[in-house]
Amino acid sequence: MHLSRFLMWRIAAVSVAIMACALLLALWQARLNIAREEQGAAETAHLFDQLDGLESGSAGDIPAHLDALRQISREGRLRHLQLRLQDMHGNDLLPVVQPVPTLLHRGFAWLLPPAYGGAKPNTPQWNLQRADGLRYHVTLLLDPGSERSESLTDIAGLLGILLGYGALTLLAVYVALRLALRPMRKIIYAIGQYQRDRYDYRLPPLRLLELHTIAQALNHMAQTLATSQEARRRLDLQLRSMREDERSKLARELHDELGQRLTAMRADTAWLIRRSLGQPPLRDVAEALADHCEQVQHAVRDLLQRLHARKPYEDEDEPLPLHRLLQELLESWRERPDQQTRFVLEIDIDEHAIASDVALTIYRLTQEALTNIARHAQATRVDIRLALLEDGRLEWSVCDDGNGLTDPGPAAYRGSGLVGMRERVWALHGEIEMFATHPDNTRQGLSIRARLPLHDMSVATSTEDRHAEP
């Protein structure tokens with residue numbers, strides 16, 4: 001169904017309901033007016049009956065007739081008329097009723113003609129002559145007050161109907177729009193998921209044609225982005241695998257070539273030192289050469305560790321010994337000259353449960369984090385922690401008490417080191433965040449926390465669609 005047709009049907013239904021209510025109100029008002037007319041006619045008949053009794057009745061009934069006439073005049077039950085009764089001396093025997101104008105009367109008084117307050121030439125007047133000589137003068141004054149009140153009541157009722165109609169129409173439009181745009185919450189929820197790179201959410205079929213078209217377009221876009229992102233992940237992992245292979249190859253070449261030659265050079269320098277016992281200058285040169293060989297050998301060993309996590313003699317098919325690798329990595333940092341930083345490693349997970357690709361990623365992340373801390377943080381303590389979360393994922397974190405970053409969030413997208421860490425985590429379907437370790441201190445420090453699956457999820461070649469409710 002089109003959105004315009006949906007809204008028109010809802011508004012038309014409410015309009016019919018409002019018109020039915022207005023018709024019922026008009027019928028009720030007409031019935032009320034008829035009842036008032038009947039009551040006015042009955043009171044007029046009762047008035048003339050009391051006047052007749054006043055004229056022809058006994059003298060003892062005169063007070064009762066006067067009281068009845070006073071009550072009729074006081075209550076104002078005569079429609080369009082007001083009774084004036086005077087004795088033979090011109091004294092008014094009935095109270096003059098002055099209607100109190102209401103707020104409604106004052107507000108709409110300018111729309112109506114002024115009230116009539118005196119006797120006109122054609123005003124009905126006559127005398128009541130009793131047999132005992134008493135005479136009364138009767139005048140029926142025109143009183144448009146009741147008609148004015150009815151007119152004002154009709155105006156107020158019409159205004160109320162118009163206001164009610166407008167308010168109910170607005171309410172109907174609001175409700176109709178709420179019902180029509182309710183699926184927009186699902187669309188907004190889907191857009192929020194896509195902004196978080198969660199392209200597996202799919203919108204269900206929607207009732208309105210326009211929103212259904214938008215939902216189908218978003219689903220197609222999400223499918224395309226999911227396919228593209230998965231392809232990028234596989235390509236990134238392939239490139240990193242090729243890079244690790246090249247590192248392994250280079251590490252083996254360095255180990256096989258430089259390692260043997262350096263070992264031979266150290267053996268030769270040891271022989272020279274022994275043969276130059278009686279020649280101090282030559283001995284000094286040989287010892288210096290031996291020191292240089294040792295330094296080069298340590299540098300090569302450190303380079304081999306950075307290039308390839310495994311030992312040259314270790315089997316590539318065996319699980320990566322992550323715990324030992326991290327311990328050796330921290331030990332290499334502890335042995336650096338003028339090193340004052342304290343490194344603490346805490347592992348609360350069985351390393352055999354971690355896939356080799358994930359373990360290698362953890363090792364590279366730790367390498368990069370420690371390098372950044374050594375270059376920029378000037379930290380005194382660094383804590384590295386591995387733990388298993390309740391959802392089955394691995395949590396890796398590195399926290400320091402160094403200088404920190406002004407804004408860790410945007411900083412994660414600047415610099416090759418931090419960007420490389422984000423790309424490594426992203427390629428394994430993980431999440432990474434950076435925040436201040438001690439936000440209230442002068443030295444805020446920096447904490448980097450990543451959540452990774454225990455196994456490489458990029459093996460899956462397709463992403464299943466799921467329909468979730470926001």
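1. A residue counts as exposed when its relative accessible area is over 50%, as buried when that area is under 20%, and as partly exposed in between. Gln 378 reaches 61% relative accessibility, so this residue is exposed. Gln 378 sits in the loop between H9 and S5, and its phi is near 55°, a positive value in a residue that is not glycine. Please keep in mind throughout that this is a predicted model.

2. His 429 belongs to the loop between helix H11 (416–427) and S7. With a relative accessible area of 24%, His 429 is partly exposed, because the range for that class lies between the 20% and 50% limits.

3. Now for the overall picture. The protein chain contains 11 helices and 8 strands. Of its 470 residues, 33% are buried. The chain exposes about 28600 Å², and carbon and sulfur atoms supply 58% of that area. Taking contacts between residues at least 6 apart in sequence, 67% join residues at least 24 apart.

4. Next, the sheet. Five strands make up an open sheet of mixed pairing, in the order S4-S5-S6-S8-S7. S4 and S7 are the edge strands, each pairing on one side only. From one strand to the next, the twist averages 10°. Within this sheet, S6 and S8 run antiparallel and are joined by 7 bridges. For a specific pair to look up, Asp 400 has Leu 446 in S8 as its bridge partner.

5. Two helices deserve a look alongside the sheet. H8 packs on the sheet and touches S4 and S5, with a direction at about 175° to that of S4. Helix H9 (residues 356–377) also packs on the sheet, where H9 touches S4, S5, S6 and S8. The direction of H9 makes about 10° with that of S6.

6. While you have H8 on screen, find Ser 332, which lies in this helix (residues 322–334). A polar atom of the Ser 332 side chain is 2.5 Å from the backbone oxygen of Leu 329. Is Ser 332 buried or exposed? Its relative accessibility is 16%, so Ser 332 counts as buried.

7. Then there are the charged pairs. Side chains of opposite charge can pair when their charged atoms come close. A search of the whole structure finds 14 salt bridges. One of them joins Arg 385 and Glu 346, whose closest N and O atoms are 3.7 Å apart. This pair links distant parts of the chain: Arg 385 is in strand S5 (residues 381–388), Glu 346 is in strand S4 (residues 342–348), and 39 residues separate them. Both partners are partly exposed, Arg 385 with a relative accessible area of 30% and Glu 346 with 38%.

8. Which residue forms a salt bridge with Glu 395? The partner is Arg 451, with 3.5 Å between the closest N and O atoms. Glu 395 lies in strand S6 and Arg 451 in strand S8 (residues 446–452), so by sequence position this pair links distant parts of the chain, 56 residues apart. Glu 395 and Arg 451 are both buried.

9. These pairs also belong to a wider arrangement. Glu 346, Asp 348, Arg 385, Glu 395, Glu 433, Arg 449 and Arg 451 are linked in a network of salt bridges.

10. A further salt bridge is formed by the side chains of Glu 431 and Arg 393, at 3.9 Å from N to O. Glu 431 is partly exposed at 37% relative accessible area, and Arg 393 is partly exposed at 23%. If you are setting a cut-off, note that a salt bridge here requires the nitrogen to be within 4 Å of the carboxyl oxygen, and this pair is listed at 3.9 Å.

11. Finally, a hairpin. Strand S2 (residues 125–129) and strand S3 (residues 135–142) pair in the antiparallel sense over 5 bridges. Trp 126 has Val 138 in S3 as its bridge partner. The hairpin has 5 residues between the strands, and Gly 133 takes a positive phi near 100° there.

Notes:
Residues are numbered from 1 along each chain as its sequence is written. This is a predicted model: local features need pLDDT of at least 70, side-chain atom pairs count only at pLDDT 80 or more; totals for chains, interfaces and linings use all residues. Side-chain values use heavy atoms; hydrogens and water are left out. Helices (H or I, at least four residues) and strands (E, at least two) are DSSP runs, numbered from the N terminus. Buried means under 20% relative accessible area, exposed over 50%, partly exposed in between (1.4 Å probe, protein chains only). Contact means heavy atoms within 4.5 Å. Accessible areas come from the Shrake-Rupley method with a 1.4 Å probe; for residues, only the protein chains shown count as cover. A polar contact is a pair of N or O atoms within 3.5 Å; within protein, one must be able to donate a hydrogen and the other to accept it, and residues adjacent in sequence count only if both atoms are side-chain atoms. Two strands pair if DSSP finds at least two bridges between them. Axes are lines fitted to C-alpha atoms, for helices over the stretch in contact, and angles run from 0 to 180 degrees between N-to-C directions.
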